[in-house]
Amino acid sequence: MTDAPGIPRRSSEINLSWLNQVLSPPTPIVNYQSDIIGGGAGVLGELSRVKLTYAEGEPGPASVVAKFASPVPEARQLAGGLGLYEMESRFYAEINDQVGITIPTCYFNSFDAETQYSTLLLSDVQGKVADQVEGCSADQAAVALRNIARVHAYGTVAISQNPWLREWT
């Protein structure tokens, strides 16, 4: 979970070589298109859907989601001070399969504690990105609340077993 040369820190830094290295698809990726999702409104990070095109043969995933720490130093420092990037990185590295809800597959996970840069490459669950102003339907809220309850139920145990998690009380 360390930062290294060649790891993109923003969606504009994604490249074919990195995608092929990280995803190791059965057929090489020959093209991609990266589009910011969530309206670019991410205060503490940048989220991008990366659509993949493969050479002929057996393809890998049609798209993935790339998640990056904020490119704004002050926002990155704030999130870093709260331990948000480290906790998310460690969640995918250490406990994601223990929570009891469907979690995106993590293809790549990099976190640098010194710079607070974080890069995740996740499976694209093709869910709807909620509009922070309009909100969601009652059915969508019910699904979200059930999953939040499962995460919080696990969190009670996880905090005692993983000192890097913080109790937010």
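Trainee: How many aromatic pairs does the rule count here?

Mentor: The count is 2 aromatic pairs. Rings of Phe, Tyr and Trp (its six-membered ring) pair if their centres lie within 6.5 Å; planes under 30 degrees apart are stacked, over 60 edge-to-face, and the rest tilted.

Trainee: Why is the pair of W18 and F108 called edge-to-face?

Mentor: The ring centres of W18 and F108 are 5.2 Å apart and the planes stand at 80°, so the pair is edge-to-face. W18 sits in helix α1 and F108 in strand β4 (residues 106-111), so they are distant parts of the chain, 90 residues apart. Helices (H or I, at least four residues) and strands (E, at least two) are DSSP runs, numbered from the N terminus. Both W18 and F108 are buried.

Trainee: What makes F91 and Y92 a pair?

Mentor: Their centres lie 5.3 Å apart, and the planes make 85°, again edge-to-face. Both F91 and Y92 are buried. Buried means under 20% relative accessible area, exposed over 50%, and partly exposed in between (1.4 Å probe, protein chains only).

Trainee: What do these values rest on?

Mentor: This is a predicted model: local features need pLDDT of at least 70, side-chain atom pairs count only at pLDDT 80 or more, and totals for chains, interfaces and linings use all residues. Residues are numbered from 1 along each chain as its sequence is written, and side-chain values use heavy atoms, with hydrogens and water left out.

Trainee: What is the order of elements in the protein?

Mentor: From the N terminus on, they run α-β-β-β-α-α-β-β-α. That is 4 helices and 5 strands. Of the 169 residues, 36% count as buried.

Trainee: Which residues touch the most other members of the largest nonpolar core?

Mentor: I14, W18, L19, L23, V50, L52 and L121 do, in a core of 15 residues. The elements giving two or more residues to this core are α1 (16-23), β2 (45-54) and β3 (63-69). Helix α1 gives the most, with 4 residues. A nonpolar core is a set of buried Ala, Val, Leu, Ile, Met, Phe, Trp, Tyr and Cys residues joined through side-chain atoms within 4.5 Å.

Trainee: What does L23 contact, leaving aside its neighbours within four places in sequence?

Mentor: L23 is in contact with I29, L52, V64, Y107 and L121. Contact means heavy atoms within 4.5 Å.

Trainee: What makes E46 and R10 a salt bridge?

Mentor: Their closest N and O atoms are 3.2 Å apart, and the limit is 4 Å, so the pair counts. E46 lies in strand β2 and R10 in the segment before α1, so the bridge ties together parts 36 residues apart in sequence.

Trainee: How far apart are E86 and R90 along helix α3?

Mentor: E86 and R90 are 4 residues apart in helix α3, about one helical turn. Their closest N and O atoms are 3.5 Å apart, and they form a salt bridge. Salt bridges that share partners join E86, R90 and E94 into one network. E86 is at 32% relative accessibility, so E86 counts as partly exposed.

Trainee: Why is N162 called buried?

Mentor: N162 has a relative accessible area of 11%, so N162 is buried. N162 lies in the segment after α4. Not counting residues up to four places away in sequence, N162 touches E94, I95 and Y154.

Notes. A salt bridge is a side-chain nitrogen of Lys or Arg within 4 Å of a carboxyl oxygen of Asp or Glu.
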